Amino acid sequence: MYQPLPRLVGSGARPGLATVGGFDKRTTYGLAALRFVVVSFLCFLLLDPLIRSLRTLTEKPKVVLAIDNSESVAAAGRPALNRSLTALQTLRQQLTDKGLDVAIRVFGDSIANDRDGGPDLTQIPFTSRTTDLSGLLSGIRSDYEGRNLTDVVLVSDGIFNQGVSPTFGQYPFAVQTVGLGDTIPKRDIQLKGVVANRIAYLGNQFPVQAEIVSNGFQGRSGTVVLRQNGKELGRQSVSFAGTVGGRNDSFNQITFQTTATQKGVQHYVVEVLPQPGEFSTRNNRQDVYLDVIDGKEKVLLLALAPHPDVKALRNILERNLNYELDVRILTGVSAETAPLADKTYDLIILHQIPDNGGVSSPLLQKYLAKNTPILFVLGNQSSLGPFNTSNSVMQVSAQLGQSDKVTGVFNPEFKQLNLDPARLDILSKLPPMSVPYGEFRLQSGSEVVLWQQVGNVRTTKPLLALNVTSPRKTAVLAGEGLWSWRLEEFALTDKQDVVDELIQKVIQLISVKEDRRKLRVYPIRSEFVAGEKVIFLTELYNDIYEQLYDKPVRLEISDEKGLTRSYNYTPTAANNRFEISRLPEGAYRFRATVNVNGKTEQSAGQFVVRDLQVEALNTTADHGLLRQLSKQTGGQFYSSANMDNLVQTLTNRPHPARLTSTEEMDELINWRWLFFAVLTFVAIEWGLRKFYGGY
């Protein structure tokens with residue numbers, strides 16, 4: 001009898017196989033095993049296991065070819081130098097073939113690349129104006145710290161004119177030196193140096209001292225000339241001494257006296273006229289730049305009567321050469337009681353003025369009518385009523401003829417001046433000053449420099465105070481006896497520095513002229529070196545002196561010949577600098593203008609670009625320094641003629657590579673590929689269950 005076959009559940013079942021939950025046993029167990037593996041692995045990851053890895057790096061030994069590319073190296077002639085550079089090219093290639101890493105270092109100049117991608121040594125221009133061998137080696141030491149640097153080959157003439165001697169340094173590598181240049185002194189005359197003041201006053205005479213060194217011109221004479229703007233100001237003859245102790249060199253000094261006749265930066269030239277047979281004439285000339293100032297700051301010291309404090313103030317002010325002091329005594333000295341000339345002063349010091357007798361009233365009213373800064377020095381003849389109405393620092397209420405003896409204590413909260421509180425502790429050891437006995441009350445905006453101390457009791461009464469916020473900057477020394485302070489300080493320390501510095505700085509603070517210009521354009525330095533960028537900073541303000549940006553500025557720069565260069569730039573909040581490159585040497589004046597709200601603001605000034613010829617001052621190679629440097633570091637000295645020995649030394653020496661092992665511990669859960677592996681297994685299991693119709 002016909003009987004139908006049983007219906008198989010699931011599309012994946014085949015006849016003759018047992019099924020479990022819709023799957024055959026093999027599929028069911030396989031899927032269960034897969035899920036077990038995935039879940040177990042996830043549970044394992046929850047334990048945050050760590051994997052230790054060991055990484056080993058192989059670092060080749062390194063050699064640095066440090067080449068002195070200064071001007072003095074090429075002074076001996078380019079053909080001989082090119083032969084040495086060609087030998088260095090060969091050395092570099094041989095070291096590279098031996099498995100060494102070879103790097104090239106020079107003094108900052110860029111050099112062209114050859115076919116192999118490395119720098120072409122024969123194209124080094126040798127134009128560096130200075131030589132800092134210690135800086136070059138220190139830079140290599142810093143850049144290769146902790147690396148497998150075995151040798152540095154220093155190719156130089158041994159002449160340095162910046163930094164310290166390279167023999168003073170400690171280096172963790174051997175310095176092999178190759179001597180270039182000529183060690184035989186040249187037949188030459190050098191203007192070794194020019195000594196002159198940086199500042200001179202209009203109409204004053206000032207000295208210019210020239211130092212001349214000669215070699216090989218013994219028994220002959222030369223001529224030294226001083227010029228300004230092509231005009232000869234003076235000339236002097238100099239005799240070169242004969243041979244002394246087997247040496248053919250001599251040293252001479254000559255001094256020119258000239259007068260400052262023009263304001264601003266003035267350009268002078270000192271030159272030794274060339275002699276036949278000189279090796280080089282580049283070192284026969286030097287430029288001198290002086291800033292000629294139109295007069296000093298004029299100070300009037302007006303005293304009621306002769307007093308030791310007047311002498312003390314005079315000595316303090318005369319220590320500063322920028323002050324032109326006029327001392328006037330109103331009573332007691334007939335020679336100094338003449339009426340004052342109608343002069344304008346930058347600072348007035350009033351000693352015991354206003355006075356009780358009213359002698360100084362006419363002059364006082366004259367100077368109070370202006371906003372000239374004033375330093376009041378009180379004494380027993382001072383009239384406190386007019387004083388209180390004449391100053392913006394303090395009010396003093398005291399009985400006539402009553403005084404107190406006080407010493408000074410520095411106020412540590414006073415920050416306007418850079419004063420050392422430790423040095424000012426000496427004030428407690430100085431004799432007391434005589435001050436009015438009464439009440440002292442500070443005015444708004446005043447700051448105290450010294451407080452009064454009676455015996456061991458510090459009071460809240462000011463002894464020295466000032467106010468620089470009022471229209472007239474004013475300071476008050478509320479007592480007399482400054483002369484005794486200076487004498488006692490000298491007795492204690494053999495100097496008069498602390499008291500003098502304190503008074504000088506207070507005077508400078510109240511007498512300094514405030515810059516109220518709305519446009520300020522100025523170079524970051526007053527002097528630059530030829531080839532260096534000249535950098536200007538720009539500040540622009542509105543009527544309430546808030547800084548403005550994004551306003552076009554026009555800058556005009558004029559040289560000594562009258563040639564004007566014009567530039568336009570716009571300062572921003574992110575960058576208020578403007579740079580100018582390749583200005584030739586000389587003294588320059590500049591003028592900047594900007595338009596703000598229809599009004600033109602301007603700023604002017606001056607700066608100098610110097611052409612330093614330090615490389616021309618010494619062209620005699622110093623191979624002794626190179627030998628000493630090699631000996632100290634375990635290297636050897638080689639002349640340019642036996643460069644092959646250097647090649648053999650470096651290539652025949654064993655250069656083992658450095659193995660560096662790094663052990664790292666990493667969390668297994670951070671391996672990203674594990675996430676995708678787990679996701680793949682889960683997806684496979686889910687897909688198979690769906691494919692076979694399971695849930």
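I'm working on a predicted model here. The strands behind that pair are β6 (residues 149-156) and β7 (residues 174-179), which run parallel and are joined by six bridges.

Next I looked up the sheet around them. Five strands make an open sheet with parallel pairing, and I read the order as β5-β4-β6-β7-β33. Its edges are β5 (101-105) and β33 (637-639), each of which pairs on one side only. On average, neighbouring strands are turned by 20° against each other, direction ignored.

Then the helices on this sheet. Helix α2 (residues 78-97) lies across β4 (62-67), β5 and β6, and runs at about 170° to β4. Helix α10 (residues 623-633) packs on the sheet too, touching β6, β7 and β33. The direction of α10 makes about 160° with that of β7.

Picked I140, which I found in helix α3 (residues 133-143). Is I140 buried or exposed? I get 0% relative accessibility, so I140 counts as buried. Skipping neighbours within four places in sequence, I listed V64, A66, R105, L149, V152 and F173 as the contacts of I140. V152 from my opening bridge is among them.

Which residues have the most contacts inside the largest nonpolar core? I noted I349, V449, L450, L466, L482, W485 and I507, in a core of 42 residues. Helix α8 gives the most to this core, with eight residues. As background, nonpolar side chains tend to be buried together in soluble globular proteins.

I checked the surroundings of L450, not counting residues up to four places away in sequence. L450 touches V409, F410, L427, P462, L463, L464, W485 and L502.

The axes of α7 (residues 482-493) and α8 (residues 498-511) come within 8 Å and cross at roughly 140°. That angle makes α7 oblique to α8. On the α7 side I see L482, W485, R486 and E489, which meet V498, V499, D500 and I503 in α8. Sorted by class, this contact has five nonpolar, no polar and three charged residues.

**Hairpin and torsions**

Moved to β11 (residues 221-228), which pairs with β12 (residues 231-239) in the antiparallel sense over eight bridges. L226 stands opposite G234 in β12. The two strands form a hairpin with two residues between them. On another pairing, β11 and β14 (residues 264-272) are antiparallel over five bridges, and V224 stands opposite V272 in β14.

Torsions came last. Most residues other than glycine have a negative phi, and most peptide bonds are trans. I wrote down these exceptions:

- N229, in the loop between β11 and β12, has phi near 55°, a positive value. I get a relative accessible area of 55% for N229, so N229 is exposed.
- N597 sits in the loop between β31 (586-596) and β32 (599-610) and has a positive phi of about 55°. At 74% relative accessibility, N597 counts as exposed.
- The peptide bond from I353 to P354 is cis, with omega near 5°. I placed P354 in the loop between β18 (347-351) and α5 (361-368).

Conventions: Residues numbered from 1 in each chain as written. Predicted model: local features only at pLDDT ≥ 70, side-chain atom pairs only at ≥ 80, totals over all residues. Heavy atoms only, no water. Axes fitted to C-alpha atoms, helices over the stretch in contact; angles between N-to-C directions. Helix = DSSP H or I, 4+ residues; strand = E, 2+ residues; numbered from the N terminus. Parallel < 35°, antiparallel > 145°, perpendicular 65-115°, else oblique. Contact = heavy atoms within 4.5 Å. Nonpolar A, V, L, I, M, F, W, Y, C, P; charged D, E, K, R; others polar. Pairing = 2+ DSSP bridges. Buried < 20%, exposed > 50% of the residue type's maximum accessible area, 1.4 Å probe, protein only. Core = buried A, V, L, I, M, F, W, Y, C linked by side-chain atoms within 4.5 Å.
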